[in-house]
Amino acid sequence: MLLVDDEEGYTEVLNNRLSKRKFQVTTASSGGDAIKAVRKQDFDVAIMDLKMEDMDGLEVLKIFKQMGLDMKIIMLTGHGSQEAARKGIELGAFDYLTKPCELHELIAKINEAYTARQ
C-alpha cells in the first residue's frame, strides 16, 4: 500500500505499526512524491492525508483518477475537515478516517479496501 502524509514522524510511526502487521508499505511525504511512486509501482490501496503542503489530498486524488488508477484510496483528515473528506468520496475515494484514528480502525478500513479491490 502507499502511505502519503507530509508529517514524517506520523508516517514513520504508522509505517512501522503497519509493517509489523505484515502490510507492505511504501511511503511518500508529498503529493508529488505520491504521483512519482504510482508511476513506478502499482498499489492496491493508498492511505492519503487530506492536507499536505505541496498539493492537498483532493488534488492528488483527482490526478490519480485522471491517470486511470484503480487503487482504493482512504483519506485521512483532521477534525473539522470532514466536509472535504466527503468531497473526496464524491471524487472517488474509497472512504475516510479522522486523525488520529485507532490502528485497529485503520486496519479494518484497509482490509475493506483490499476486499473491495478484488
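Does Lys22 count as buried or exposed, and at what relative accessibility? Here is a short note on that and a few other spots in the model.

1. **Lys22.** At 75% relative accessibility, Lys22 counts as exposed; the cut-offs are over 50% for exposed, under 20% relative accessible area for buried and partly exposed in between, with a 1.4 Å probe and protein chains only. Lys22 sits in the loop between helix 1 and strand 2 (26–28). Its phi is positive, about 75°, although Lys22 is not a glycine.

2. **What you are looking at.** This is a predicted model, where local features need pLDDT of at least 70 and side-chain atom pairs count only at pLDDT 80 or more, while totals for chains, interfaces and linings use all residues. Residues are numbered from 1 along each chain as its sequence is written, and side-chain values use heavy atoms, with hydrogens and water left out.

3. **Overall layout.** The protein chain has 5 helices and 5 strands; these are DSSP runs numbered from the N terminus, with helices being H or I of at least four residues and strands E of at least two. Starting at the N terminus, the order of elements is β-α-β-α-β-α-β-α-β-α.

4. **Size and packing.** A compact globule of 118 residues would have a radius of gyration near 13 Å, and the protein chain agrees, with 13 Å. That radius is taken over C-alpha atoms, and the globule rule is 2.2 Å times the number of residues to the power 0.38. The C-alpha trace spans about 35 × 35 × 25 Å along its principal axes. Buried residues account for 45% of the 118 residues. Of the contacts between residues at least 6 apart in sequence, 60% join residues at least 24 apart, where contact means heavy atoms within 4.5 Å.

5. **Asn15.** Asn15 belongs to helix 1 (residues 8–20). Is it buried or exposed? Asn15 is buried, because its relative accessible area is 19%. Apart from neighbours within four places in sequence, Asn15 is in contact with Leu3, Val25 and Thr27.

6. **Helix 3.** In helix 3 (residues 57–66), the buried residues are Gly57, Leu58, Val60, Leu61 and Phe64. Looking down the axis of helix 3, these buried residues fall within an arc of 160°, so they line one face of the helix; the arc is that of the directions from the helix axis to the C-beta atoms. Their packing partners are strand 1 (2–4), helix 2 (31–40), strand 3 (45–49), strand 4 (72–77) and helix 4 (82–90).

7. **The ends of helix 3.** At the start of helix 3, a side-chain oxygen of Asp56 comes within 2.9 Å of the backbone nitrogen of Leu58. Just after helix 3, Gly68 has a positive phi of about 80°.

8. **Helix 5.** The 15 residues of helix 5 (residues 103–117) should span 21 Å at 1.5 Å a residue, and the end C-alpha atoms agree at 21 Å apart; the expected span is 1.5 Å times one less than the number of residues. Buried here are Leu103, Leu106, Ile107, Lys109, Ile110 and Ala113. They cover an arc of only 160° around the axis, so they sit on the same side of helix 5. That buried set packs against helix 1, strand 3, strand 4 and strand 5 (95–98). The exposed residues His104 and Thr115 are on the face turned away from the buried side.

9. **A cis proline.** Pro100 lies in the loop between strand 5 and helix 5. The peptide bond from Lys99 to Pro100 is cis, with omega near -10°.

Technical notes: A polar contact is a pair of N or O atoms within 3.5 Å; within protein, one must be able to donate a hydrogen and the other to accept it, and residues adjacent in sequence count only if both atoms are side-chain atoms.
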